[in-house]
Structure formats: structure tokens, C-alpha cells
Amino acid sequence: MITLGIETSCDETSVAVVRDFEEILSNIILSQLVHAGFGGVVPEIASREHLKAVVTVFEQAMAKAGIGPEDIDLITATYGPGLVGALLVGLNFGKGLAYGYDKPFVAVNHLEGHIAANFIMHKNLPDKHLTLIISGGHTSLVLVEGFGKYILLGQTKDDAVGEAYDKVAKLLGLGYPGGAEIDRLGKVGDRKYFRFPRGVIKENSFDFSYSGLKTAVALHVRDLSDLELEAHRADIAASFQEAALEVLVVKTVRAAEEYGIGAVTLSGGVASNSRLKDLMLKKLSNKKIDFYFPPPDLCTDNAAMIAAAGYMRYKLDGPSDLNTNAIPYLKLV
Ligand code: KG4
Ligand code: ZN
């Protein structure tokens with residue numbers, strides 16, 4: 001079955017063609033660079049940029065896959081969570097195509113898409129596993145009992161971990177989004193330069209908190225001269241990462257042990273982080289727990305994960321109603 005995926009929930013315009021739950025024929029991702037000058041995503045600009053790009057990105061995805069509209073069996077698009085104006089562009093484009101070409105349509109939960117990214121990549125991934133969804137908008141620890149069966153174990157009480165990365169990047173004078181740049185700088189910095197607070201690490205829950213860490217970095221930077229900041233930029237990046245990531249690792253490992261889970265996956269933009277992957281691999285292999293993560297273009301927001309999740313949803317529930325509307329605060333469970 002050939003599935004078209006459309007993703008426009010935030011600042012990536014993406015269209016993909018995927019065969020079944022397996023083979024990615026194309027996955028075109030256009031990241032909107034225009035937001036960099038504002039230091040964060042401007043919702044109204046995001047919607048307009050999606051409108052300008054979506055048809056071209058669709059045509060590129062079709063050309064790369066070497067198919068025409070008549071070859072598509074199923075059309076899927078993200079309907080939440082995300083920015084409402086941005087979601088509406090992809091959702092309406094998908095519904096319009098489905099109506100025009102008389103194809104079934106499935107509206108996809110973006111978070112279920114992130115979960116599907118690991119299923120497409122790792123054919124041996126056990127149905128039952130623990131997944132950490134970490135991005136600019138989410139920090140959630142989810143027990144997956146199989147595709148479509150989820151228990152939310154914990155989530156952030158305030159900022160998402162990716163948001164903290166982006167805010168710290170701004171404080172350090174790096175570009176937006178700054179996660180990848182902090183990752184790169186952190187490799188050459190001193191991780192022990194300063195001990196930033198590990199939010200709610202001692203709490204018994206599987207929840208997270210990043211606003212205190214962000215404020216601690218802001219206060220630290222405020223007290224430095226320009227020269228000191230210049231000299232310690234990489235050290236601050238490295239020390240910030242240790243605080244941000246230790247909580248993720250400690251709570252994920254604890255949840256895996258408590259629930260007797262033998263496999264852990266990462267997904268979302270922050271899942272690309274090299275230090276996080278190193279730390280997780282070390283701690284999980286000590287406990288004989290398998291560890292999986294997608295390649296970078298399936299970590300970040302992309303339409304291949306939406307097509308794969310939509311295909312599975314279609315098999316489970318059949319098509320969605322063409323009246324389905326965007327839901328900005330859509331939950332996974
Ligand atoms: O999943 P994603 O593309 O979009 C959202 O749904 O938010 O995630 C984007 C986030 C941004 O906050 C970005 O700074 C962060 O992922 N990110 C990283 C890395 N690459 C992207 N954070 C840490 N390390 C990275 N290598
Ligand atoms: Zn995402």
C-alpha cells in the first residue's frame with residue numbers, strides 16, 4: 001500500500017511517500033529558516049510559509065518516489081498537536097487531495113508519528129517498549145504496549161527539553177534552533193565547569209522540569225563579562241547538557257527497570273543529540289536493555305513517520321472523517 005504523509009505542525013513542511021510500514025520512497029523536509037531572526041517560531045509566519053511551500057514539497061516527494069497521484073492508496077496528514085494555523089495548511093491540503101482523487105484519508109496524531117519513526121527503522125523493535133519523545137514541544141516518557149496502546153508515565157511540568165536547548169542557545173549567542181549547535185559545542189567544553197540544577201531528579205514521578213535549569217543558566221550568564229562568556233561558552237553548553245540529559249537518562253532507566261521493559265527508544269528532534277545517545281547506551285547496556293533511535297531525518301519533524309503511523313491507524317480504525325479538524329493540544333492518550 002502506498003501512503004502519502006503530510007506534516008506541517010510546526011516549522012517543517014514535509015511530504016513523504018511510504019510503502020506499508022516499511023519502505024520510505026521519499027521524505028522531503030523543508031525547514032523554515034525565516035524564524036531564526038526572531039529567535040523562535042512565529043506562528044503566523046509558519047502558516048504562511050507552509051502555504052507557500054506545500055505544493056512544491058508535495059511535487060518533489062512524488063517525483064522522488066517516481067509515482068503519480070493515481071498510485072497513492074492512502075493520504076495522511078498531522079491534525080495535532082501543534083500550531084493551529086500551521087496544522088490547518090497540511091491537514092486541508094491532505095483532505096483536498098483525498099477528496100479530489102477519491103482516496104481514503106487518515107488524520108494522524110503527531111506524537112504517534114514520532115513513535116512510528118522507530119517502528120519503521122527497526123524491524124526487530126519489540127512491540128512493548130519504552131519511548132522518550134523529546135523535541136521543542138514535548139518531553140514525554142511513554143510505555144508503548146504495541147502500536148496504538150500507550151501509557152503516559154511522565155511529562156514535563158513546564159518547558160520541553162528542546163525549548164530549554166533553544167533558550168540556552170540564545171543566551172549563549174548561538175543561532176535558532178540551537179540544539180544541534182549546543183551538542184557540537186558541548187563536545188569540546190568542560191562538562192564539570194559548573195553544576196546546574198537537575199530539575200525534579202529526586203522526585204519519585206517520571207515527570208520532568210526544565211524552567212529552573214533555563215533560569216539557572218540565564219543567571220549564570222548574566223554574571224559573566226563578555227570576555228568570560230566568550231571563554232566559557234563551550235563549558236556552559238557542556239555543563240548545561242549534563243544537567244538536562246542526566247534527568248532524562250535516570251528517569252528512563254528507572255522506568256524501564258520498574259516496568260520490566262527490555263527496550264528503550266528515543267524520538268523527536270533532541271533524539272539526535274550525541275551526548276544523550278552516548279549516556280543512554282552506556283547506562284542501558286549495563287542493565288542489558290536494548291536501545292534504539294532513528295536517524296536524524298526521522299528524529300526531526302518529518303512526513304515519513306506520519307505516513308507510517310497513518311497506515312497503521314488505517315489498518316486499525318479505517319479512514320478518518322473529512323470533517324476532522326486541527327486540534328492544537330491533542331494528547332497521545
Ligand atoms: O522534533 P523537532 O524537529 O520539532 C518539534 O516537534 O519541536 O525538534 C526540534 C528541537 C529543537 O528544540 C532543536 O533545538 C532540538 O530539537 N534539536 C536538538 C538537536 N537537534 C535538534 N537538541 C539537542 N541536540 C541536538 N543534536
Ligand atoms: Zn515533533
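Q: Where does D20 sit in this predicted model?
A: In this predicted model, D20 is placed in the loop that runs between β2 (12-19) and β3 (23-31).

Q: And what about phi of D20, positive or negative?
A: Phi of D20 is positive, near 50°, and D20 is a residue other than glycine.

Q: Turning to the peptide bonds, which kind joins G80 and P81, cis or trans?
A: The bond joining G80 and P81 is cis, with omega at about -10°. P81 belongs to the loop between β4 (74-80) and α2 (84-101).

Q: What about the bond from Y176 to P177, cis or trans?
A: The peptide bond from Y176 to P177 is cis, and its omega is near -15°. P177 is found in the loop between α4 (161-171) and α5 (179-186).

Q: Now the overall layout: which domains does the assignment give?
A: The domain assignment gives domain 1 as 2-114 + 298-317 and domain 2 as 127-294. Taken over C-alpha atoms, the centres of domain 1 and domain 2 are 27 Å apart.

Q: How many residues are in contact between domain 1 and domain 2?
A: On the side of domain 1 there are 19 residues in contact with 13 residues of domain 2.

Q: What area is buried there?
A: About 1,300 Å² is buried between domain 1 and domain 2, and carbon and sulfur atoms give 71% of that area. In domain 1, the residues that lose the most area to domain 2 are L111, H114 and C299, which together make up 40% of what that side buries.

Q: How many salt bridges and polar contacts are counted between domain 1 and domain 2?
A: The count of salt bridges between domain 1 and domain 2 is 0. For polar contacts, 4 residue pairs are counted between the two domains, with both residues at pLDDT 80 or more.

Q: Which helices supply the side of domain 1 that touches domain 2?
A: At least two residues each come from α3 (110-121), α9 (296-299) and α10 (303-317). The largest share of that side of domain 1 comes from α10, with 4 residues.

Q: How do the residues of that side divide into nonpolar, polar and charged?
A: The side of domain 1 that touches domain 2 has 11 nonpolar, 5 polar and 3 charged residues.

Q: Moving on to ligand 1, how many residues surround it, and which are the closest?
A: Ligand 1 is surrounded by 21 residues, and the closest are G136, D166, G269, N273 and T300.

Q: What do the side chains of N273 and T300 do there?
A: N273 has a polar side-chain atom 2.9 Å from a nitrogen atom of ligand 1. In the side chain of T300, an N or O atom is 2.8 Å from an oxygen atom of ligand 1.

Q: And which part of G179 lies 3.0 Å from ligand 1, backbone or side chain?
A: The backbone: an N or O atom of G179 lies 3.0 Å from an oxygen atom of ligand 1.

Q: Back to charges: how many salt bridges are in the whole structure?
A: A search of the whole structure finds 16 salt bridges. One is between the side chains of E49 and K52, at 2.9 Å from N to O.

Q: Where do E49 and K52 lie?
A: Both lie in helix α1 (residues 43-65), 3 residues apart, which is about one turn of the helix.

Q: Why can such side chains pair?
A: Side chains of opposite charge can pair when their charged atoms come close.

Technical notes. Residues numbered from 1 in each chain as written. Chains lettered and ligands numbered in written order. Predicted model: local features only at pLDDT ≥ 70, side-chain atom pairs only at ≥ 80, totals over all residues. Heavy atoms only, no water. Domains from an automatic or database assignment. Contact = heavy atoms within 4.5 Å. Buried area = accessible area lost by both parts, 1.4 Å probe. Salt bridge = Lys/Arg side-chain N within 4 Å of Asp/Glu carboxyl O. Polar contact = N/O pair within 3.5 Å; in protein donor to acceptor, adjacent residues only side chain to side chain. Nonpolar A, V, L, I, M, F, W, Y, C, P; charged D, E, K, R; others polar. Near = heavy atom within 4 Å.
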